[in-house]
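Please examine the sequence and the structure shown below. The paragraphs that follow lead through them step by step.

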Amino acid sequence: MVTIIHRVGQLAFAELVITASQHPVAAYAANTYLMDLIKTQAPFGRKEITQQGEH
């Protein structure tokens, strides 16, 4: 089972993706797959805010 929750607003560095599994290799593979899926198919953009400005 997979649950993806999309938050809107400013996120802390460590709040991006969490996966869990009995085996760390499976959790890492699930994390990699979900991040690739979100990056390529999610209908929202990403805005990064740094000390140098927004982009």
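A residue is called buried when its relative accessible area is under 20%, and exposed when that area is over 50%. Leu34 is buried, because its relative accessible area is 14%. This residue belongs to helix H1. Between the C-alpha atoms of Leu34 and Thr19 there are 9.3 Å, while the two residues are 15 residues apart along the chain.

Is Ala20 buried or exposed? With a relative accessibility of 77%, Ala20 counts as exposed. Ala20 lies in the segment before helix H1, which covers residues 24-41. From Ala20 to Asn31 the separation in sequence is eleven residues, and the distance in space is 8.9 Å, C-alpha to C-alpha.

The view may now be widened to the whole protein chain. The protein chain contains one helix and two strands, and along the sequence these elements follow the pattern α-β-β. Of its 55 residues, 4% count as buried. The protein chain exposes about 5,500 Å², and 59% of this area is supplied by carbon and sulfur atoms.

The mean pLDDT of the protein chain is 75, and 65% of its residues reach 70 or more. In the protein chain, confidence is lowest in strand S1, residues 49-50, with a mean of 79. Confidence is highest in strand S2, residues 53-54, at 84. Where pLDDT is low, predicted coordinates should not be read in detail.

Notes: Residues are numbered from 1 along each chain as its sequence is written. This is a predicted model: local features need pLDDT of at least 70, side-chain atom pairs count only at pLDDT 80 or more; totals for chains, interfaces and linings use all residues. Side-chain values use heavy atoms; hydrogens and water are left out. Helices (H or I, at least four residues) and strands (E, at least two) are DSSP runs, numbered from the N terminus. Buried means under 20% relative accessible area, exposed over 50%, partly exposed in between (1.4 Å probe, protein chains only). Accessible areas come from the Shrake-Rupley method with a 1.4 Å probe; for residues, only the protein chains shown count as cover. pLDDT is the predictor's confidence in each residue, from 0 to 100.
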